[in-house]
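Let's walk through a protein model together, one piece at a time. Keep the picture open while you read.

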Amino acid sequence: ASVPEEIRAYAWKLTQDLKDPRAIADRIEEHFRKDFVYTLDAPQPQGDPLVHFLLRSRAGHCEYFASAAAMMLAARGISARLVTGSYGGEAGLFSDAIIVRGGNLHAWVEVNLDGRGFSVMDPTPPSGIPAATTRLSLWDRVTNLGREMEFFYDRRILGFDALDQGQFLESVRHAFGSFGDAIRSWRPARVNPRKLLLAGAGLGLVMYLAYL
């Protein structure tokens, strides 16, 4: 009852020959991708923004598509909800971190099609869905070097909190354990002077880091 009358009529006209919830959702999704245009510069709405989007402009960004789809599904008695957040990101330069930018902000729908729980439905055309993971070119990586250094400084130096300290101490204990295992399995006949020197230097470094 809370869905505007124009949107209810639009949903029924589009899907009146269907009864299966999944078929209805697929019809709505296909309709948006085929007959609508994704744009960040949505036309200025007159009256209700979603009514204007469906009946007049047929152009908008992900919030228009997701909001309209949720309303149309609700008009057909299908439980649906609007979800906003971020999707995808950039692979970090020096770590496994994912860099999330403004371009990764997104809106989609969660819909209960079979009565067993909500699942994701994304009615936005493919051109408006952020890439799951973006790998930068070599030039982009070079230009982003300063940002990565700043992130590392903020996270690993300024933000060196109790959790980080605990993880570091755990890695130090693991290093000592590995070194102890290596000593126990050591046999004189297999000693390489260079490896022994490197092992001593490594132990010294671990002890110095532990002291810090």
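In which loop does R58 lie? R58 sits in the loop between α3 and β2 (59-60). This is a predicted model, where local features need pLDDT of at least 70, side-chain atom pairs count only at pLDDT 80 or more, and totals for chains, interfaces and linings use all residues. Residues are numbered from 1 along each chain as its sequence is written, and side-chain values use heavy atoms, with hydrogens and water left out.

**The big picture**

- The protein's secondary structure comes to eight helices and eight strands. Helices (H or I, at least four residues) and strands (E, at least two) are DSSP runs, numbered from the N terminus.
- Of the 212 residues in the protein, 29% are buried. Here buried means under 20% relative accessible area, exposed means over 50%, and partly exposed is in between (1.4 Å probe, protein chains only).
- Look at contacts between residues at least 6 apart in sequence: 57% of them join residues at least 24 apart. Contact means heavy atoms within 4.5 Å.

**Back to R58**

- Most residues other than glycine have a negative phi.
- R58 has a phi near 55°, a positive value in a residue other than glycine.
- R58 is partly exposed, with a relative accessible area of 29%.

**Helix α1 and its two sides**

- Helix α1 covers residues 5-15, and its buried residues are I7, Y10, A11, L14 and T15.
- Seen down the axis of α1, those buried residues fall within an arc of 105°, so they line one face of the helix. The arc is that of the directions from the helix axis to the C-beta atoms.
- An α-helix has 3.6 residues a turn, so residues three or four places apart point the same way.
- Turned away from the buried side of α1 is a face with the exposed residues E5 and K13.
- The cover over the buried residues of α1 includes α2, α3 and α4.

- Two packed helices are described by the angle between their axes and the distance between the axes. Axes are lines fitted to C-alpha atoms, for helices over the stretch in contact, and angles run from 0 to 180 degrees between N-to-C directions.
- α1 and α4 (residues 62-75) pack at about 75°, with their axes 9 Å apart. They are therefore roughly perpendicular to each other. Angles under 35 degrees count as roughly parallel, over 145 as roughly antiparallel, 65 to 115 as roughly perpendicular and the rest as oblique.
- On the α1 side you'll find I7, R8, Y10, A11, W12 and L14, which meet M71, M72 and A75 in α4. By class, the contact of α1 with α4 has eight nonpolar, no polar and one charged residues. Ala, Val, Leu, Ile, Met, Phe, Trp, Tyr, Cys and Pro count as nonpolar, Asp, Glu, Lys and Arg as charged, and the others, Gly among them, as polar.
- α1 and α2 pack at an angle of about 105°, with axes 10 Å apart, and are therefore roughly perpendicular to each other.
- Y10, L14 and T15 of α1 make this contact with I24, R27, I28 and H31 of α2. The contact of α1 with α2 divides into four nonpolar, two polar and one charged residues.

**The nonpolar core**

- The largest nonpolar core has 31 residues, and those with the most contacts inside it are I28, F32, L54, M72 and L73. A nonpolar core is a set of buried Ala, Val, Leu, Ile, Met, Phe, Trp, Tyr and Cys residues joined through side-chain atoms within 4.5 Å.
- α1, α2 (21-35), α3 (49-57), α4 and β6 (105-111) each supply at least two residues of this core, and α4 gives the most, with 10 residues.
- Leaving aside its neighbours within four places in sequence, I28 is in contact with L14, T15, A69, M72, L73 and M121.

- I78 lies in the loop between α4 and β3 (80-86), and is buried at a relative accessible area of 8%. The C-alpha atoms of I78 and A25 are separated by 9.2 Å, though the two residues are 53 residues apart along the chain.
- N104 lies in the loop between β5 (98-99) and β6, and is buried too, with a relative accessible area of 10%.
- R81 lies in strand β3 and, at 39% relative accessibility, counts as partly exposed. The C-alpha atoms of R81 and V109, 28 residues apart along the chain, are separated by 5.7 Å.
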